[in-house]
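Open your viewer and let's walk through this model together, from the whole chain down to a single side chain.

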Amino acid sequence: MLGLVTAGAAATAWLAWAQNAPTPSAPPAASVPAAAAPAVTTVPGMPPVLDAKNLYSEQGAGKVLPAIAGNLPRIYVPNLRGHDVHVIDPATMTVVDRFKVGYSPQHIVPSWDMKTLWVTNNAERRTDGSLTPIDPKTGKPGAPIDVDNPYNLYFSPDGKSAIVVAEARKRLDFRDPQTMALQAELPVPGCAGVNHADFSIDGRHAIFTCEFAGTLVKIDMVERKVRGYLRLSMPQTRFKVTPLKPGQVWEPGETELCTVKKGMPQDIRISPDGKKFYIADMHADGVHVIDGESFTKTGFIATGVGTHGLYPSRDGKLLYVANRGSHQIHGPRNGNGSVAVIDFATDKVVARWGIPGGGSPDMGNISADGRYLWLAARYDDVVYRFDTQDGGKVAQVQVGAEPHGLTVWPIPGRYSLGHTGNMR
């Protein structure tokens, strides 16, 4: 078992990491003011936690690293059924490029060193999965790399491994983060539909969601072992799906008995203080709250129909929750979609934003300045831009067939843990 880095040198910790970065393409060091010893003991190679009360402190507005600040400002949208990527210029709200990728692109993932954007072409149950690299300086794709069933992609906190989420195989594949050569395989037999993940504040553990099992799996990132599974209990009721009239927006109203006994967990994000994990559940219409250390459920927050994506605000105070608007994997157009806003301090919903005429907000990210929340509309073939400072006012851009895990680039952060830009 690898030993942990002791909490010794404070201001020098970040500089030491930068000088001995685990990959040749690690991000440059940011200036760190002199301070006491770090409050969080991290695994070897992981950049130090600079604010133990807000692990999102370095993804705040205005903290885009100089090395990527000159990258093209773009929204990259993978279209699952179109087998292509649409590229949006956020300044003009127009599609400025489009290119073919592999079969069934699911997410566009910033690499740990933020030099590459990877398109995960998971090919569903076929055998021709691949990763297509995009150069964020030019916005152009490179030659794809053959990779088995890459539904999603994450990176170990130390940057030494890419973690390919082979959903159909019930497996996590650890690969070289540059070449994608296989390092090791970790079967997760109790995790049907292994899906999304987030990492503990110290990098010791990760929790992955198991979409088709209604469970979570906890992974020891030091020993690379399964530590256990947690079955998510369902609420007694969930929101009732109701037809919308033209121009109408969904609002939380009637509920019905929740006869579904098994959840469908999707996205997962950790709280700013690192103590809790929030799990979006499409069948439960809300967010489960999990104690990360004990791996037990401690609460539930009802948010909307078909809860799916989770995005912390740039100041780390709010959690934006995308509710897809349907309990089905393939839902109807103009559904009961919405965005709920949770206050991290109270675990209460403080705002809800609807979509005139209905919709299906799914996955995406937040603009570098924190002003806009960009989400793909999974069933409606458009992209939404919600104005976080104007009551969730929404604009739309037409894209391809079944857009999914879009990414916004460039964005603040020292390094990427994967997905559509889970930055630390």
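Start with contacts across the whole chain, where contact means heavy atoms within 4.5 Å. Among those between residues at least 6 apart in sequence, 53% join residues at least 24 apart. Keep in mind that this is a predicted model, where local features need pLDDT of at least 70, side-chain atom pairs count only at pLDDT 80 or more, and totals for chains, interfaces and linings use all residues. Residues are numbered from 1 along each chain as its sequence is written, and side-chain values use heavy atoms, with hydrogens and water left out.

Next, switch to a cartoon view. You will find two helices and 31 strands in the chain; these are DSSP runs numbered from the N terminus, with helices being H or I of at least four residues and strands E of at least two. The C-alpha trace spans about 60 × 45 × 45 Å along its principal axes.

Finish by zooming in on Tyr 278. Its C-alpha atom is separated by 9.9 Å from that of Asp 347, 69 residues apart along the chain. Between the two side chains, look for a polar contact at 2.6 Å (a pair of N or O atoms within 3.5 Å; within protein, one must be able to donate a hydrogen and the other to accept it, and residues adjacent in sequence count only if both atoms are side-chain atoms).
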